Amino acid sequence: MPFKQMTKKIGFIIFAMLCVFIGLYPVAYFILERTFGLLASKSNIVLNNVFWNIAFYVHISLGGLALLIGWLQFSKKLRNRNLKLHRTIGKVYMISVMFSGLASLYIAYYATGGLIAIFGFMCLGLIWLYTTSKGFLSIKKRDVSKHQKFMIYSYAACFAAVTLRIWLPILIAIYQEFIPAYRIVAWLCWMPNIVVAYFIVKRLDLK
Ligand code: HEM
């Protein structure tokens, strides 16, 4: 196998493994105590808020599902071999994003770190909802190129769940404090992803 092809394949395997690993991470919230992860930092008012709880569990379970299956859509082999499967996964991804994305806008209002974090997560949620619905509507109109373009942006937004968990420990190590690191990561988790998506779209010459 030529070197370029091999590095591309290895890159895709690493990308897929990260998506599966973080996609499964929300399971921990269902099997561990109610003091796990983010829940430990929330006030009793938030923890006893029924709407917040519904939105939180909808967000993490369907967000996890979207991340878990979304990467499969970028495999040309799978698309060419089984278009029906591509369509089924696509519909599950779209519905998951709609519910998880809407729920994210609600829980973002309660985000740790205040206004800076709230706006960072809200922008990400809106971008996720917008690009995913545009990607879906484009394929309904049989516009494959536009569909690909918007879905690349959609998954770049979804991938923020992975990049957040890479950036956060680095930022905590730099700032030696959680809150400033969290405020920055609410923006840093998605902005470079969108820039990378822009260059991928440009390289593929998608209109
Ligand atoms: C792409 C759009 C997304 C937005 C806008 C978003 C937004 C948020 C917000 C606002 C919180 C609560 C933060 C707080 O209260 O401080 C949160 C937590 C969480 N989200 Fe998302 N999220 C997105 C995607 C995802 C995806 C794809 C997953 C899949 C793994 C995910 C999994 C989680 C988990 C597990 C938590 C709990 C916090 C933790 O343990 O790290 N999110 N998200």
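Which helices do the buried residues of α8 pack against? Keep that one in mind while you look around; point 4 comes back to it.

1. A quick word on what you're looking at: this is a predicted model. The protein has eleven helices and zero strands, so its radius of gyration of 18 Å, close to the 17 Å that the globule rule gives for 207 residues, makes it as compact as a globular protein of that length. If you like to picture a box, the C-alpha atoms fill one of roughly 50 × 35 × 30 Å along the principal axes.

2. Buried residues account for 29% of the 207 residues. Take the contacts between residues at least 6 apart in sequence: 67% of them join residues at least 24 apart.

3. Have a look at α7 next. This helix has 26 residues and reaches 37 Å from its first C-alpha to its last, close to the 38 Å expected at 1.5 Å a residue. Its buried residues are Gly120, Phe121, Leu124, Gly125, Trp128, Thr131, Thr132, Gly135 and Phe136. The cover over them includes α6, α8, α9 and α10 (178–188). Just after α7 comes Arg142, with a positive phi of about 65°.

4. Back to α8 and the opening question. This helix is mostly covered, with twelve of its 15 residues buried. Among the buried ones are His147, Gln148 and Lys149, as well as Phe150, Met151 and Ile152. And the answer: the buried residues of α8 pack against α4, α6, α7, α9 and α11 (191–203). The length of α8 works out too, because 15 residues at 1.5 Å a residue should span 21 Å, and its end C-alpha atoms are 21 Å apart.

5. What about the nonpolar core? In soluble globular proteins, nonpolar side chains tend to be buried together. Here the largest nonpolar core has 38 residues, and the members that touch the most others are Ala66, Leu67, Ala156, Ala157, Cys158 and Ala160. The elements giving two or more residues to this core are α1, α4, α6, α7, α8, α9 and α10.

6. One last stop, at Phe15. You'll find Phe15 in helix α1. Is Phe15 buried or partly exposed? Phe15 has 14 C-beta neighbours inside 10 Å, so it counts as partly exposed; being buried would take 20 or more. For a sense of distance, compare Phe15 with Phe51: they sit 36 residues apart in sequence, and their C-alpha atoms are 34 Å apart in space.

Key:
Residues numbered from 1 in each chain as written. Predicted model: local features only at pLDDT ≥ 70, side-chain atom pairs only at ≥ 80, totals over all residues. Helix = DSSP H or I, 4+ residues; strand = E, 2+ residues; numbered from the N terminus. Expected span 1.5 Å × (residues − 1). Contact = placed C-beta atoms within 7 Å. Rg over C-alpha atoms; globule rule 2.2 N^0.38 Å. Core = buried A, V, L, I, M, F, W, Y, C linked by C-beta atoms within 7 Å.
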